[in-house]
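Here is a briefing on the protein chain shown below. It covers the ligand shells, the domains, the sheets and a helix packing.

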Amino acid sequence: MRLPTFNKGVHPNDFKHFTCSLPVKSLPMPDHVLIPLQQHIGAPCTVNVEKGQEVKTGQVVGAGEAYVSSPVHSSVTGVVKDVGTFRHPLGSKVQMVYIQRKSEEDEWELMEPITDWQAAKVEDLNTRIKAAGIVGLGGAAFPTHVKLAPPKEKPIDAFILNGCECEPYLTADHRAMVEQADRILEGMAIIMKILGVTDGYIGIENNKPDAIQVMHEAVSRGGYDFKVVSLQVKYPQGAEKMLIQSVLNRQVPTGGLPMDVGVVVNNIGTAMAVTDAVKEGKPLVERIVTVTGDGVKEPQNVLARIGTPFIDIINLCGGLTDEAAQVFMGGPMMGMSQLDMKVPVIKATSGIVCTSDKGEAAEDAMPCIRCGTCVSACPMFLLPTRIARLSEVGQTEAADELGIMNCIECGSCAFVCPSRIPLVQWIRLGKLRVGEMKRKAAQDAA
Ligand code: SF4
Ligand code: SF4
């Protein structure tokens, strides 16, 4: 039987063998953590601790008061040593709270558990999700409480739990499904109660047969009415719009959102965080990170506290190999190459991928041979070669007209380009310029 999937996309080599069978290992507590006040899409948090102040694990150190924002919490018990700007894994320098851990204590500040969540009010459950600082843990880091409160004119009739993990190296969600299926499914049930939907799907690519089996068993053991959907292996199937097409054969319109077709999608890690926040009152202060690639000596899946410097985690995994050439946050397709190993794990850090591959230098790019391969690969039906070129020559308006803002930066076009043109870098730059252009137009019009 042919398994479902979406149109277009690519098949990068699979490097999951490094870690897919390794159980998640808890790391020793870090000596210090750096908690960025911006770890999500939306307004940054305002710091609410002072230098010298003692904090507990789970205590709010940055309040996310705006609706589209998310608070950040201390991930250790310790003392605030500094509030200043430090390098963020997404590149820029942002305000962070530097907390020195105090001895071996791990004293938590928990919220009141909502044990009987079935009887709780939807508003109270969603308020809890905001208070716990839960954002999309698949990488997008969009505040979950906002996603779970779509406007009334966008009725939702289906929920999809995203177990694709289509990035070639990552196995954090895979291991979570194998090891924590009940916790994940309870989070899914809480999310579906908040959304008021009864149709729930779990999309998993069929390169994770153990996860598919465990999730099937857990669904039946828990008496849930969720459908586990095995999908063909294809990148970028974990992107929401692609997953919705694969699972439900619904097409999100160009420029639209999943809610335009009545769907909400959440990631595996997000569902686990929801269970912890609701049933145990635990804020989001740790996550599973896949540390992998031929550039690290002992690849592992680790449970890391948010704010732990990359270098500490890499060293706990045996350190970098002599051949290591690049370190990414996330996978090599959509991840960010890192220059500074002291950057902290953030809520969106699904993986730390260390490779001996030096990557393509921009000067190695050859002229476009108009082969159209990038067009065939683009899951968003864009013309990558055209929009990248328009960005390169500064024709921002024309790039906007060709839909550059619809690019999900999946990297499929650059992956297949025989001329090794850095298409995604040009497109990212073009998107920034379109954003600036629109902001300026709005200011001029005000
Ligand atoms: S243009 Fe954007 S969406 Fe299309 S393949 Fe390239 S990176 Fe992906
Ligand atoms: S794949 Fe590369 S060479 Fe082929 S059309 Fe696209 S940009 Fe040009």
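**Ligand shells**

Ligand 1 has 15 residues around it, and Cys378, Pro384, Cys407, Cys410 and Cys413 come nearest. A residue is near a molecule or strand if its C-beta atom, placed from the backbone, lies within 6 Å of it. Two elements give two or more residues to this shell: helix H12 (412–416) and helix H13 (423–445). This is a predicted model: local features need pLDDT of at least 70, side-chain atom pairs count only at pLDDT 80 or more, and totals for chains, interfaces and linings use all residues. Residues are numbered from 1 along each chain as its sequence is written, while chains are lettered from A and ligands numbered from 1 in the order in which they are written.

- H13 gives the most to the shell around ligand 1, with 3 residues. Helices (H or I, at least four residues) and strands (E, at least two) are DSSP runs, numbered from the N terminus.
- By class, the ligand 1 shell holds 12 nonpolar, 2 polar and 1 charged residues. Ala, Val, Leu, Ile, Met, Phe, Trp, Tyr, Cys and Pro count as nonpolar, Asp, Glu, Lys and Arg as charged, and the others, Gly among them, as polar.
- Ligand 2 has 14 residues around it; Cys368, Cys371, Cys374, Thr385 and Cys417 come nearest.
- The ligand 2 shell divides into 9 nonpolar, 4 polar and 1 charged residues.

**Domains**

- The domain assignment gives domain 1 (1–27 + 111–359) and domain 2 (363–445). Such bounds come from an automatic or database domain assignment.
- The C-alpha centres of domain 1 and domain 2 are 27 Å apart.
- Domain 1 puts 14 residues into the contact and domain 2 puts in 13 residues. Two residues are in contact if their C-beta atoms, placed from the backbone, lie within 7 Å.
- On the side of domain 1 that touches domain 2, the residues are 9 nonpolar, 4 polar and 1 charged.

**Four-stranded sheet**

- An open sheet of 4 strands runs in the order S2-S8-S7-S4, with antiparallel pairing. Two strands pair if DSSP finds at least two bridges between them.
- Strand S2 (32–36) and strand S4 (54–55) are at the edges with a single partner strand each, so one side of each has no neighbour in the sheet.
- S2 is joined to strand S8 (residues 93–101) by 5 bridges. Ile35 stands opposite Val97 in S8.
- S7 and S8 run antiparallel, joined by 9 bridges. Gly84 has Met96 in S8 as its bridge partner.
- S7 and S8 also form a hairpin with 5 residues between them. In the turn, Gly91 has a positive phi of about 115°.
- S4 pairs with strand S7 (residues 78–87) over 2 bridges. Val55 stands opposite Gly78 in S7.

**Six-stranded sheet**

- An open sheet of 6 strands has the order S1-S14-S13-S17-S15-S16, and its pairing is mixed.
- Strand S1 (25–26) and strand S16 (336–337) take the edges, each with a single partner strand, so one side of each lacks a neighbour in the sheet.
- Strand S15 (residues 326–329) and strand S17 (residues 351–355) run antiparallel, with 4 bridges. Val327 has Cys354 in S17 as its bridge partner.

**Helix packing**

- Helix H3 (residues 172–179) packs on helix H7 (residues 268–280) at about 50°, with axes 9 Å apart. Axes are lines fitted to C-alpha atoms, for helices over the stretch in contact, and angles run from 0 to 180 degrees between N-to-C directions.
- H3 and H7 are therefore oblique to each other. Angles under 35 degrees count as roughly parallel, over 145 as roughly antiparallel, 65 to 115 as roughly perpendicular and the rest as oblique.
- H3 also lies across strand S13 (286–292), strand S14 (300–305) and S17, at about 120° to S13.
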